[in-house]
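Dear colleague,

I am handing over the structure below, and after it you will find my notes on what turned up. Please read the notes with the coordinates open beside them.

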Amino acid sequence: MKADYYEILGISKTATKVEIKKAYRKKAIQYHPDKNPGDKAAEEKFKLAAEAYEILSDENKRARYDQYGHQAFEGPQGGAGGFGGMNMEDIFSQFGDIFGGGFGGFSSGNRRRQAVVKGSNLRIRLKLNLEEILNGVTKKVKVKRLIKAEGATYDTCSACNGQGVVMRVTNTILGRMQTQATCPSCRGAGKTLKNRPKGSDANGMIAQEEMVEIEIPAGVTDGVQLKVTGKGNDAPGNGIPGDLLVVIEEVPHENLKREGVNLHHDLYVSVPEAILGVSKEIDTLSGKVRIKLDEGTQSGKILRLRNKGLPSLDSYGRGDLLVHINVWTPKKLSKEQRSFFENMLNEPNFLPKPNKQDKSFFEKVKDMFS
């Protein structure tokens, strides 16, 4: 089990933002790599403290964590949270200003590493139909991204000596305070452009279209955001590329309506079909199936076809297809048809006589989800 974020920082669940930040700074300094060289256990605690702060310092993420725990950030749709793919430079880039003086990056022995800057992310919308969502699909999309122009060269930034950050000293009533800030000359890249190729921008970048292959897992939902690592914009100098964020847009189906992992289908039958009982063919995502209606089928009856729905993105199994029976009443009748039904008006067998088995609409809905 993953440790509780509040316990990691040593704070209560009612802690304020100021208290959270203060607790994180204390832990970060305690387990900082510069103070614990070569200590893998301290490095893991350093990362866990950063992960806890990343969640608890954000009001929306904290609310989700308080309600669902770590499960709120698991799986492709978890959103932010989790430092499994982040290295130490990522943590310093995001939270380095909290440490104050004395820690500008992190060192390996006596050699300080240069700043590593990540390129900006790109975001696209990708339309999927229910058939594609059922089984998952591989899509190829054309993306325009910034890449380093051929021939672009960079020098180490003289203002920060390649660190990407500069130290500032401020006089306060408590004395001199040293803080860390992003270098204004290189904007944190640690590099400045030396040779700018023709057609490139001020950072030596050019726009180029690239075909990107995207693996879509089965069961995704509308609005889910997937990440393709390294397919965003390049970063100048020796930076790493940003990511491509793919937002899923579900295309409505002609005959089926989605509700979570379940699907709904409205089946209209005639009065004679409902009275006599018939066999009807309906569409599912995996092909046509035939269902049998009993004699005297009532309008509003719901038939459940198990495992004919969609898979769950985060668990095993599939939802169901719920077929809603609607008896279609003709709006116009011929003289002969009208005469027939007029004769049936007082026929005892045609008078409504619901029993306990003929449940109301609300009871059917309740049964459907029980």
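Throughout these notes, buried means under 20% relative accessible area and exposed means over 50%, with partly exposed for what lies in between, using a 1.4 Å probe and protein chains only. This is a predicted model, in which local features need pLDDT of at least 70 and side-chain atom pairs count only at pLDDT 80 or more, whereas totals for chains, interfaces and linings use all residues. Residues are numbered from 1 along each chain as its sequence is written, and side-chain values use heavy atoms, with hydrogens and water left out.

I begin with the salt bridges, where a salt bridge is a side-chain nitrogen of Lys or Arg within 4 Å of a carboxyl oxygen of Asp or Glu. Searching the whole structure gives 15 of them. One of these joins R258 to E250, with the closest N and O atoms 2.7 Å apart, and R258 counts as buried at 16% relative accessibility. Elsewhere, salt bridges that share partners link R145, E210, K231 and D234 into one network. K139 and E132 form another salt bridge, again with 2.7 Å between the closest N and O atoms; here K139 is partly exposed, with a relative accessible area of 22%, while E132 counts as buried at 19%.

A further salt bridge, between the side chains of K47 and E43, has an N to O distance of 3.6 Å. Helices and strands are named from DSSP runs (H or I of at least four residues for helices, E of at least two for strands), numbered from the N terminus. K47 and E43 both belong to helix α3 (residues 40-56), where they are four residues apart, about one turn of the helix. An α-helix has 3.6 residues a turn, so residues three or four places apart point the same way. E43 is partly exposed, its relative accessible area being 21%.

Two other helices deserve a note. The expected span of a helix is 1.5 Å times one less than its number of residues, and for the 14 residues of α2 (residues 17-30) this should give 20 Å, which agrees with end C-alpha atoms that are 20 Å apart. Within α2, the buried residues include I20, A23, Y24, A28 and I29. Helix α1 (residues 5-9) contains I8, which is buried at 14% relative accessibility; the C-alpha atoms of I8 and A50 are separated by 9.7 Å, although the two residues are 42 residues apart along the chain.

Turning to the sheets, two strands are taken to pair if DSSP finds at least two bridges between them. Three strands form an open sheet with mixed pairing, in the order β3-β11-β10. Its edges are β3 (122-128) and β10 (225-228), each of which has a single partner strand, so one side of each is left without a neighbour in the sheet. Direction ignored, neighbouring strands of this sheet are turned by 30° against each other on average, the axes being lines fitted to C-alpha atoms, for helices over the stretch in contact, with angles running from 0 to 180 degrees between N-to-C directions. Strands β3 and β11 (residues 244-250) run parallel and are joined by seven bridges, and K127 stands opposite E249 in β11.

A second open sheet has four strands in the order β12-β13-β17-β16, with mixed pairing. Strands β12 (257-259) and β16 stand at its edges with a single partner strand each, so that one side of each has no neighbour in the sheet.

Two loop residues may be worth checking by eye. N161, in the loop between β5 (153-156) and β6 (165-172), has a positive phi of about 55° although it is not a glycine, and N161 is exposed, with a relative accessible area of 58%. N307 has a positive phi near 60° and is likewise a residue other than glycine; N307 lies in the loop between β16 (302-305) and β17 (321-328) and counts as partly exposed at 48% relative accessibility.

Best regards
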